[in-house]
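Here's a quick briefing for anyone meeting this structure for the first time. Have a look at the sequence and the model, then work through the points below.

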Amino acid sequence: MALASSAPQNLHAVFVYGSLLADEVVAVLLNRVPQSSAAVLHNFHRFSIKGRVYPAILPVENKKVTGRVLLGVTDPELNILDTFEDDEYDRRTVEVSLMDGPEKLQAKTYVWGNSNDTNLYGDWDFEQWKGVHMEDFVKMTMSFVEELELPESKPRVATYETFFQQGSDNPPMS
């Protein structure tokens, strides 16, 4: 009796810097929280986006973005993250520095697709986001995961907009 699909899985390191810093969001998306390490991405900046509660990163010389690297992300999990990040972001491979030592690591991350976007501004603050938006964002992420199960699933942005238009107590504007 042959075992189903004993082919080795590709495992990925994914640098996260926004809503995916919250274990609660990762757990809803992946059904687990992968091991992670605190990390820094040099020569990038994390921006707020007008009308959105999640951030964007773009290359900016002499800036840095702190976040964490999710380790051991499987191909199916990476596909879920690709769908979650939608077509507004481009997945790129970057080099990050781990904060607990001199080690550098190649990791995938999601970079904002429009480098000339006039809706990007200032800095994005994770602690502020946790206090103001995390609870609703986790609910929206649950709706997104439910949508993924449907044959005609909507992209995350459509799920996000639908969720907040249905009268969440906290509007998405910051």
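Glu77 counts as buried, since its relative accessibility is 9% (buried is under 20% relative accessible area, exposed is over 50%, and partly exposed is in between, using a 1.4 Å probe and protein chains only). Glu77 sits in helix H2 (helices are DSSP runs of H or I with at least four residues, strands are runs of E with at least two, and both are numbered from the N terminus). Keep in mind that this is a predicted model, where local features need pLDDT of at least 70 and side-chain atom pairs count only at pLDDT 80 or more, while totals for chains, interfaces and linings use all residues. Residues are numbered from 1 along each chain as its sequence is written, and side-chain values use heavy atoms, with hydrogens and water left out.

**Around Glu77**

- Leaving out residues up to four places away in sequence, Glu77 touches Leu30, Arg32 and Gly72 (contact means heavy atoms within 4.5 Å).
- Glu77 and Leu29 are 48 residues apart in sequence, yet their C-alpha atoms are 8.3 Å apart in space.

**The overall layout**

- The protein has 5 helices and 6 strands.
- Starting at the N terminus, the order of elements is β-α-β-β-α-β-β-β-α-α-α.
- Of the 174 residues in the protein, 47% are buried.
- Take the contacts between residues at least 6 apart in sequence: 71% of them join residues at least 24 apart.

**Where H1 meets H2**

- Two packed helices are described by the angle between their axes and the distance between the axes.
- For helix H1 (residues 23-30) and H2, the axes come within 10 Å and cross at roughly 115° (axes are lines fitted to C-alpha atoms, for helices over the stretch in contact, and angles run from 0 to 180 degrees between N-to-C directions).
- H1 and H2 are therefore roughly perpendicular to each other (that label covers 65 to 115 degrees, with under 35 being roughly parallel, over 145 roughly antiparallel and the rest oblique).
- On the H1 side, Val25, Leu29 and Leu30 meet Glu77, Ile80, Leu81 and Phe84 of H2.
- Sorted by class, the contact of H1 with H2 has 6 nonpolar, no polar and 1 charged residues (Ala, Val, Leu, Ile, Met, Phe, Trp, Tyr, Cys and Pro count as nonpolar, Asp, Glu, Lys and Arg as charged, and the others, Gly among them, as polar).
- The buried residues of H1 are Val25, Val26, Val28, Leu29 and Leu30, and what covers them includes strand E3 (56-74), H2, helix H3 (126-132) and H4.
- Just past the end of H1, Asn31 takes a positive phi of about 65°.

**Where H2 meets H4**

- The axes of H2 (residues 75-85) and H4 (residues 134-148) come within 12 Å and cross at roughly 115°.
- H2 and H4 are therefore roughly perpendicular to each other, and H2 passes H4 in a right-handed crossing.
- Ile80, Thr83 and Phe84 in H2 meet Phe137, Thr141, Phe144 and Leu148 in H4.
- This contact of H2 with H4 has 5 nonpolar, 2 polar and no charged residues.

**A closer look at H4**

- The buried residues of H4 include Met134, Phe137, Met140, Thr141 and Phe144.
- Met140 lies in H4 and is buried, with a relative accessible area of 0%.
- Met140 and Val25 are 115 residues apart along the chain, while their C-alpha atoms are separated by 9.6 Å.

- Ser37 is in strand E2 (residues 36-49) and counts as buried at 15% relative accessibility.
- Beyond its neighbours within four places in sequence, Ser37 is in contact with Gly67, Arg68, Val69, Leu71 and Leu98.
- Asn43 is also found in strand E2, where it counts as partly exposed at 37% relative accessibility.
- Asn43 has a positive phi of about 65° although it is not a glycine.
- Asp86 is in the loop between H2 and strand E4 (89-98), and its phi is near 65°, a positive value in a residue other than glycine.
- Asp86 is buried, with a relative accessible area of 16%.

Conventions: A crossing is left-handed if the near helix is turned anticlockwise from the far one by less than a right angle, and right-handed if clockwise.
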